[in-house]
Amino acid sequence: MAIGDFSGRAHLDACPGALQVHTAADGGLARVRVPGGAVSVAQLRELAACADELGSGVIELTSRANVQVRGLGSAPAFAERMAAAGLLPSDTHERVRNIIASPLSGRSGSTLLDVRPLVAALDLALCARPRMAELSGRFLFALDDGTGDVTGLGADVTLVARSRTAWAVLLAGVEAGTIQVADDSAGVTGDPVGVLVAVADAFLDERAAQGGAAWRLSELEDGPARVAARLHLDSAVVSSPTSDPVRTTAAVREPGLVEQRDGRVALEVVVPLGRLSAAQALLLADAAAATGQVGHVVGHVAGQVAGQVAGRAVVAVDGVGGGDEPPSVRLTPWRTVVVPDLTRAQAAIWTPILTQAGLVADPSSPWVGVSACTGRPGCAKSLADVRADAALGAAEAVHERGLLPVHWAGCERRCGRPRGRVVEVVATGRGYRVELDGDSRTCSDMDEVAAAVAVFSAAKTSAPGTSTPETSAAPVPGSPASSAAASSGPTFRGEK
């Protein structure tokens, strides 16, 4: 089925939330949106307590930096506690708060524009507009600070910092124009949040015009071009696409210490298969709490941000000045957790503690780049216990993997598959089929699976029509910078 055929979906979006809980084989499954992956120490501790007291004891990290708790016996009790923790600010809009952002924005030296205040402002703007509740639970916003880390993650609309004064606008990965953030001499101020909301409005308008029920912008016929045409943005603020490529970085995220621009470090750890135990979550909260009141974010005070949204004058900043950001962690779409603002002495203390608890800080670990769906027994559709098999095969299968991620799936739906080139290990009921770039090998035992994954993972060069680990976005067809229409990648179920 072609991507465009999905616009005629015959069923409603059943994407779970904290209120719309999915009934899985292992009990209730709730998904909590975490805009930008930012979780305060208090919120992480409450998530751990809820997972332990109400669910299976595990917090699952999703491919959109959201969290899931499975095995819930009392969904209303869970939702009530999430609301009290500030993780459920809107009953009507809870499933549309899908915002991914560069996790080290404002701290990393690669930051061109700090996206943290924009994440908070966009979240408020979405919840303040009744019509935004019509978006599906799969519609995705992305804010890239110029690092290129979230540009290639398949968002419906992405803002990517091109410089300290300009954002590129991508629609389903296709470049549609550039926002000039601020030009004091000309008196021009762009409104990045306003543009993001306008894209969502234009998507809903185009969806209605096509008479379908598309969940994603890429599911519309000629979606990027038609949505771009509906925006009618002020040409003084939004210009045509440029010929300069938008940079994206490698798909595999390596753990370890990252230098911050203020001399401190951020510690990033892999959560094996995205399953964070309540005990591990509490340790991460303790590590973040040790940093104290640090970090500067302009406009992060709720009242100030709300005023900016109401006035439609949100301006990107460079991370200098402003109020204090409380201690927190950053969840990432690669199922890692970042503890920022540590001194080197603190990092030296907490790295071995977190490692001993089962988290991964070593970039050479066989767990780096490995993901899996829920599998048996949690999912009734799964043909295998993929997490157990991934744990058995990880060391052999991916030790020499090169730069490609490996995803284990219990059925053809391939829930939770990362974007881009991925070595896929798909359960067949009689073993596994290992795939990459249209080539596949059928395997009947784990030794054969490990050998096939090792061969495919060593394929570091891109096949025709696929992206390299560092690639660029295509301009909207028909624009001056357009050379070819961007092709859509395969669509997979879920963000697990």
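Predicted model: local features only at pLDDT ≥ 70, side-chain atom pairs only at ≥ 80, totals over all residues.
Trainee: What is the strand order in the open sheet of five strands?

Mentor: The order is S1-S2-S5-S4-S16, and the pairing in this open sheet is antiparallel.

Trainee: Which are the edge strands there?

Mentor: They are strand S1 (22-24) and strand S16 (275-277), each of which pairs on one side only, and from one strand to the next the twist averages 35 degrees.

Trainee: Which helix packs on the sheet?

Mentor: That is helix H6, residues 278-289, which touches strand S4 (58-61) as well as S16, and the direction of H6 makes about 80 degrees with that of S16.

Trainee: Back to S1, over how many bridges does it pair with S2?

Mentor: S1 and strand S2, residues 27-32, pair over three bridges in the antiparallel sense, and Ala24 stands opposite Gly27 in S2.

Trainee: Switching to helix H4, how many of its residues are buried?

Mentor: Of the 18 residues in H4, 14 are buried, so the helix is mostly covered; H4 covers residues 192-209 and reaches 26 Å from its first C-alpha to its last, close to the 26 Å expected.

Trainee: And what comes just after H4?

Mentor: Gly211 is found there, and it takes a positive phi of about 70 degrees.

Trainee: Last one, why does Glu435 count as buried?

Mentor: Glu435, which lies in strand S24 (residues 432-436), counts as buried because its relative accessibility is 15%, and buried means under 20%.

Trainee: What does its side chain make a polar contact with?

Mentor: The partner is the side chain of Arg433, at 2.4 Å, while the residues that Glu435 touches, not counting those up to four places away in sequence, include Arg414, Val422 and Phe456.

Conventions
Residues numbered from 1 in each chain as written. Heavy atoms only, no water. Helix = DSSP H or I, 4+ residues; strand = E, 2+ residues; numbered from the N terminus. Expected span 1.5 Å × (residues − 1). Buried < 20%, exposed > 50% of the residue type's maximum accessible area, 1.4 Å probe, protein only. Polar contact = N/O pair within 3.5 Å; in protein donor to acceptor, adjacent residues only side chain to side chain. Contact = heavy atoms within 4.5 Å. Pairing = 2+ DSSP bridges. Axes fitted to C-alpha atoms, helices over the stretch in contact; angles between N-to-C directions.
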